[in-house]
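My plan is to look things up one at a time and write down what I find.

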Amino acid sequence: MSHALVLNRNFYAVHIADWRKALSMVYQGHAEVVDEDLVTYDFASWAELSAVMSEHPAGFVHSPSLRIAVPEIIRLTRYDRMPQREVVFTRRNLYEHYRHRCCYCGGRFRTSELNLDHVVPRSRGGDSSWDNVVTACIPCNTKKGNRLPKEAGMNLLVSPTKPNWGGMRSLVLSSPIPIRASWQKLIDRAYWDAEIGEN
Ligand SMILES: [Zn+2]
């Protein structure tokens, strides 16, 4: 069973859909097909192109009158069709977001050597959210203890932020679905854009 990568209007991957769902969204005009050069096709032009394709990596579906190439990538034509997936607040995504670095000393550590630090300690009402939790190495985390960074004479090198991954990296990290070759270009692009966005 083949899947299609679903992009939002800004060409960021937000979802992975079963090919039937993808094709029906294109058919209904809610999405368009995207090829590897990021050229977009509505259903009619995709059907036209499909008719003259000799082969297609994801194969074809046949109806009595049509042969349609199974879309590998689609792009939503409206913003509200499928909400952008939020990056889930998990330990794994936190490590990933802060690149396995301690947000106080900047050192890079293995997962086992990094703690999660509540910038405003929980005992002071600090919540467990992207806005208040960062990664910290064990020595920094211990030094800070149950205090605010200022009280501990420590500085945050990066402020707590919500990842701006466009959903892509979390998709890549969490999806059990193998990444298709045609998705790779978009994944790389989203990755580098995310790098810039986080600085
Ligand atoms: Zn540290």
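**Entry 1: a strand pair.** I started with S3 and S7, which pair in the antiparallel sense over 3 bridges. Within this pair, Ala 31 stands opposite Leu 76 in S7. I note that the model is a predicted one.

**Entry 2: the sheet.** Next I looked up the sheet that holds this pair. I found an open sheet of 5 strands, in the order S2-S1-S7-S3-S4, with mixed pairing. S2 and S4 (40-41) stand at its edges with a single partner strand each, so one side of each has no neighbour in the sheet. H1 packs on the sheet and touches S1, S2, S3 and S7. The direction of H1 makes about 110° with that of S2.

**Entry 3: strand S1.** How many residues of S1 are buried? I counted 5 of its 5 as buried, and the strand is mostly covered. His 3, Leu 5 and Leu 7 point one way from S1, while Ala 4 and Val 6 point the other way.

I then checked the partners of S1. S1 pairs with S2 in the antiparallel sense over 5 bridges. Val 6 has His 15 in S2 as its bridge partner. S1 and S7 run parallel and are joined by 3 bridges. Here Leu 7 has Arg 75 in S7 as its bridge partner.

The hairpin of S1 and S2 has 5 residues between the strands. In this hairpin I noted Phe 11, with a positive phi near 65°.

**Entry 4: helix H1.** Which residues of H1 are buried? I listed Ala 22, Leu 23, Met 25 and Val 26. Seen down the axis of H1, the buried residues fall within an arc of 160°, so they line one face of the helix. Just after H1, Gly 29 takes a positive phi of about 85°.

**Entry 5: the cores.** I looked up the largest nonpolar core and found 22 residues in it. Leu 5, Val 6, Leu 7, Ala 22, Val 26, Ile 73 and Ile 74 touch the most other members. The elements giving two or more residues to this core are S1 (3-7), S2 (13-18), H1 (19-27), S3 (31-34), S6 (67-69) and S7 (73-76). A second, separate core has 10 residues, including Tyr 98, Cys 102, Cys 103 and Ala 136.

I went back to Leu 7. Leaving aside neighbours within four places in sequence, its contacts include Tyr 12, Val 14, Val 34 and Ile 73.

Entry 6: Most residues other than glycine have a negative phi. Arg 99 has a positive phi, near 55°. His 100 has a positive phi too, near 60°. Arg 99 lies in the loop between H3 (91-97) and S8 (114-118), and His 100 lies in the loop between H3 and S8.

Is Arg 99 buried or exposed? Arg 99 counts as exposed, because it has 11 C-beta neighbours inside 10 Å. His 100 is partly exposed, with 16 other C-beta atoms within 10 Å.

**Entry 7: the whole chain.** Last, I took the overall figures. The chain has 199 residues, and 28% of them are buried. Its secondary structure comes to 6 helices and 9 strands. Among contacts between residues at least 6 apart in sequence, 59% join residues at least 24 apart.

How values were computed:
Residues are numbered from 1 along each chain as its sequence is written. This is a predicted model: local features need pLDDT of at least 70, side-chain atom pairs count only at pLDDT 80 or more; totals for chains, interfaces and linings use all residues. A nonpolar core is a set of buried Ala, Val, Leu, Ile, Met, Phe, Trp, Tyr and Cys residues joined through C-beta atoms within 7 Å. A residue is buried if 20 or more other C-beta atoms lie within 10 Å of its own, exposed if 12 or fewer, and partly exposed in between; C-beta atoms are placed from the backbone. Helices (H or I, at least four residues) and strands (E, at least two) are DSSP runs, numbered from the N terminus. Two residues are in contact if their C-beta atoms, placed from the backbone, lie within 7 Å. The arc is that of the directions from the helix axis to the C-beta atoms. Two strands pair if DSSP finds at least two bridges between them. Axes are lines fitted to C-alpha atoms, for helices over the stretch in contact, and angles run from 0 to 180 degrees between N-to-C directions.
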